[in-house]
Amino acid sequence: IKFEKEERILQTGSIVFDACTFEIWAALLHGFSLYILAKEELLDSEFLAHYLVKNKITILWLTAALFNQLCDINSNMFKNVKYLLTGGDILSTKHIEKVMRSNPNLKVINGYGPTENTTFTCCFNIDKFYSTRIPIGYPISGTTCYIVSKFGKLQPVGVPGELWTGGLGVAKGYLNKPDLTAEKFIKNPFNNSDIVYKTGDLVKWLPNGSIDFLGRNDNQVKIRGFRVELNEINNTILSYSSVKNCVTIIQNINDSKS
């Protein structure tokens, strides 16, 4: 995103959602205007469409689920927005194409990154229509990305592996969870000067140097932007003595996970 004069940013993320660090600090550090809506106003597509125009909002971040929902109702509502970032889950190529066709001057960006690496790890400027997956893009400034095998060896272009990420944004670990911290945050084996976070995301390098997101290497899923551990659900259900066994699956109904 090229910050210019008098950008107007709408805060759509909860104050406990890491994306709000981009919204709040991008505004405060550059002297821009930050606009804040109540949740019910944000979810009211008619109100939001009017609000975006009335307040001349130029930069907007939406979770993939909310983006899809708004797109289905009114794909033209972003006509005066300059930059739309969306992410938090795999993007729907159908919805992205619909919005890009309705708003030809809009720059749509796929913003990928686990909270453990502070909001964004990779970004991809979507410059064409995709029939399958949209890449998550390239590491942002100050961030490193490694794609490794299950043996911790670097993978060549086109070969899937787990994404390990390092750089300035990596957290110190999980609060009061030393075992999980030790498992997920390790000393960088490729550069001993920093720490890398093992994301658990399955990805691969594309020939142009961008990264393609393939899925998870465990049972973690995302529903409306929230991480859900299917094993934790299973374990809770199995804690009842009358339950002998169980399985938890995720369904995709009308582009909405449940």
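Guide: Helix α4 makes a left-handed crossing as it passes helix α5. This is a predicted model, and in it α4 spans residues 64-73 while α5 spans residues 93-102. Their axes lie 10 Å apart and meet at an angle of about 50 degrees. Angles from 65 to 115 degrees would count as roughly perpendicular and those under 35 as roughly parallel, so α4 and α5 are oblique to each other.

From α4 come Phe 67, Asn 68, Cys 71 and Asp 72; they meet His 95, Ile 96, Lys 98 and Val 99 of α5.

Let us step away from the helices and turn to the aromatic residues. The structure has 14 aromatic pairs. Ring pairs also join Phe 17, Phe 22, Trp 61 and Phe 120 into a cluster.

Another tryptophan to look at is Trp 205, which sits in strand β11, residues 195-205. Leaving aside residues up to four places away in sequence, Trp 205 touches Cys 145, Ile 147, Gln 155, Val 157, Gly 158, Ser 210 and Ile 211. The C-alpha atoms of Trp 205 and Pro 160 are 7.8 Å apart, although 45 residues separate the two along the chain.

Finally, a word on confidence. The protein chain has a mean pLDDT of 90, with 94% of its residues at 70 or more. Strand β6, residues 122-125, has the highest confidence at 97, whereas strand β16, residues 256-257, has the lowest, at a mean of 64. Where pLDDT is low, the predicted coordinates should not be read in detail.

Definitions and conventions:
Residues are numbered from 1 along each chain as its sequence is written. This is a predicted model: local features need pLDDT of at least 70, side-chain atom pairs count only at pLDDT 80 or more; totals for chains, interfaces and linings use all residues. Side-chain values use heavy atoms; hydrogens and water are left out. Rings of Phe, Tyr and Trp (its six-membered ring) pair if their centres lie within 6.5 Å; planes under 30 degrees apart count as stacked, over 60 as edge-to-face and the rest as tilted. Axes are lines fitted to C-alpha atoms, for helices over the stretch in contact, and angles run from 0 to 180 degrees between N-to-C directions. Helices (H or I, at least four residues) and strands (E, at least two) are DSSP runs, numbered from the N terminus. Angles under 35 degrees count as roughly parallel, over 145 as roughly antiparallel, 65 to 115 as roughly perpendicular and the rest as oblique. A crossing is left-handed if the near helix is turned anticlockwise from the far one by less than a right angle, and right-handed if clockwise. Contact means heavy atoms within 4.5 Å. pLDDT is the predictor's confidence in each residue, from 0 to 100.
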